[in-house]
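Here's a short tour for anyone meeting this protein for the first time. Have a look at the sequence and the model, then read on.

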Amino acid sequence: MYYASTAEADGEVFIIKKTMKELGKYYQRNLEVFGGNADAEYIVFRGKPSNKTYQGHYTLHNGRLKKKPSLLETLLGSVFTTTD
């Protein structure tokens with residue numbers, strides 16, 4: 001399986017790696033070499049760019065891509081965790 005990713009700043013430039021781990025290492029290496037925004041969001045797709053499935057928004061944490069919770073998940077989590 002392939003994972004394709006595009007950063008918000010990059011637009012439609014796809015980076016394709018075989019695993020999520022390789023994709024995270026790629027972005028970590030670029031961050032260390034070129035600098036940039038450490039809090040950047042990456043949109044990750046599963047499959048090749050011609051036949052892709054949206055996986056979610058991810059952020060980089062020490063060379064690993066971690067899924068960012070969606071706004072709906074955040075709102076539902078705050079509704080169900082609050083008690084009166």
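What follows goes from the overall layout to the core and then to one helix.

Keep in mind that this is a predicted model. The protein has two helices and five strands, and from the N terminus on they come in the order β-β-α-β-β-β-α. Here are some overall values:

| Item | Value |
|---|---|
| Buried share of the 84 residues | 27% |
| Contacts with a separation of 6 or more that join residues 24 or more positions apart | 37% |
| Accessible surface | about 6,200 Å² |
| Part of that surface on carbon and sulfur atoms | 54% |

Now for the inside. In soluble globular proteins, nonpolar side chains tend to be buried together. Here the largest nonpolar core has 10 residues: Y3, I15, L23, Y27, A40, Y42, V44, Y58, L60 and L65. Two or more of these come from each of α1 (20–34), β3 (41–46) and β4 (53–61). Take L23 as an example: setting aside its neighbours within four places in sequence, L23 touches Y3, S5, I15, K17, V44 and L65.

L23 sits in α1, so let's look at that helix. Which residues of α1 are buried? They are L23, G24, Y27 and Q28. Because these cover an arc of only 130° around the axis, they lie on the same side of α1. The face turned away from that buried side carries the exposed K21, E32, V33 and F34. Just after α1 comes G35, with a positive phi of about 75°.

Note on methods:
Residues numbered from 1 in each chain as written. Predicted model: local features only at pLDDT ≥ 70, side-chain atom pairs only at ≥ 80, totals over all residues. Heavy atoms only, no water. Helix = DSSP H or I, 4+ residues; strand = E, 2+ residues; numbered from the N terminus. Buried < 20%, exposed > 50% of the residue type's maximum accessible area, 1.4 Å probe, protein only. Contact = heavy atoms within 4.5 Å. Areas by Shrake-Rupley, 256 points an atom, 1.4 Å probe, with all protein chains shown as cover. Core = buried A, V, L, I, M, F, W, Y, C linked by side-chain atoms within 4.5 Å. Arc of directions from axis to C-beta.
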